[in-house]
Amino acid sequence: MNVNIPKKDCALVVVDMLYDFIDGSLACQETDQAVAGTLRVIEELTAGTDPDNSGIRSIFPILFIRDHHPANHCSFVEQGGPWPPHCVQGTRGAEIHERLAPYAAEDLCFCKGEDPEKEQYSGFEGKNPCGQSLGEVLELMEIRNVLICGIATEYCVRNTAEDLLKAGFKPTVLTDCIAYVDAQGHRDALEAMEKEGIHCL
Ligand code: VGL
Ligand code: ZN
């Protein structure tokens with residue numbers, strides 16, 4: 001994919017590319033393609049533009065969202081919620097995919113779903129280790145254009161994109177880089193997002 005979007009004022013947000021959504025307890029569909037697509041996009045966005053081919057890659061802001069639940073989270077079936085236990089703090093299932101993890105700076109990782117009583121699909125209010133939210137950090141970085149990839153289209157990707165739009169950012173969902181729970185749900189979510197004014201590229 002060619003991301004024909006100006007890199008100026010732009011960041012990539014990688015949503016929930018965590019093992020439980022990739023191959024674990026809540027494994028989604030098309031996750032291998034989504035991870036590979038995300039790696040391709042990162043390669044493109046960080047490709048060096050230096051004329052002497054020094055091999056130095058450019059800096060491009062990449063922010064990560066992590067579903068990060070306590071073991072008794074309300075969204076788990078045992079607590080009456082809809083999901084099997086997933087992304088429990090301290091487990092492999094809550095870790096970022098190993099090919100993507102090298103790009104994840106600690107202060108640009110935002111955890112959500114940490115309150116046992118609250119479902120939190122959107123990454124917008126996710127918090128980094130300093131307690132800053134994704135929205136706040138994007139503001140501080142003077143980012144306007146936000147590319148979004150990740151899992152799952154119908155839940156965290158959609159909710160994050162909608163919150164970004166509401167807050168005045170320009171979200172673009174990268175459709176080669178997202179995975180989903182249900183194929184029809186995925187298509188419906190893309191259609192709904194387009195109608196709302198979220199660019200799906
Ligand atoms: C998600 C189901 C449960 C998501 C999180 O991030 O899309 N989906 N928890
Ligand atoms: Zn969750």
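Q: What's the bridge partner of V15 over in β4?
A: In this predicted model, V15 has G150 as its bridge partner in β4. Strands here are DSSP runs of E, at least two residues, numbered from the N terminus, and two of them pair if DSSP finds at least two bridges between them.

Q: And which way do β1 and β4 run?
A: Parallel, with six bridges joining β1 (residues 10-15) to β4.

Q: What does G150 stand opposite in β5?
A: That's I178. β4 and β5 (residues 170-179) run parallel as well, joined by six bridges.

Q: How many of β4's residues are buried?
A: Seven of seven, along residues 145-151; buried is under 20% relative accessible area with a 1.4 Å probe, protein chains only.

Q: Which ones point which way?
A: N145, L147, C149 and I151 go one way from β4, while V146, I148 and G150 go the other.

Q: Switching topic: what coordinates the zinc ion, ligand 2?
A: D67 through OD, plus H69 and H86 through NE2, at 2.0 to 2.2 Å. Donors are N, O and S atoms within 2.8 Å of the metal (3.2 Å for Na, K and Ca).

Q: How are those donor residues spaced in sequence?
A: As D-x1-H-x16-H. D67 sits in β2 (residues 62-67) and H86 in the loop between β2 and β3 (109-112), 19 residues apart, so the pair links distant parts of the chain.

Q: Are D67 and H86 buried or exposed?
A: Both D67 and H86 are buried.

Q: What about numbering and confidence?
A: Residues count from 1 along each chain, with chains lettered from A and ligands numbered from 1 as written. Local features need pLDDT of at least 70, side-chain atom pairs 80 or more, totals use all residues, and side-chain values use heavy atoms, without hydrogens or water.

Technical notes
Helices (H or I, at least four residues) and strands (E, at least two) are DSSP runs, numbered from the N terminus. Buried means under 20% relative accessible area, exposed over 50%, partly exposed in between (1.4 Å probe, protein chains only).
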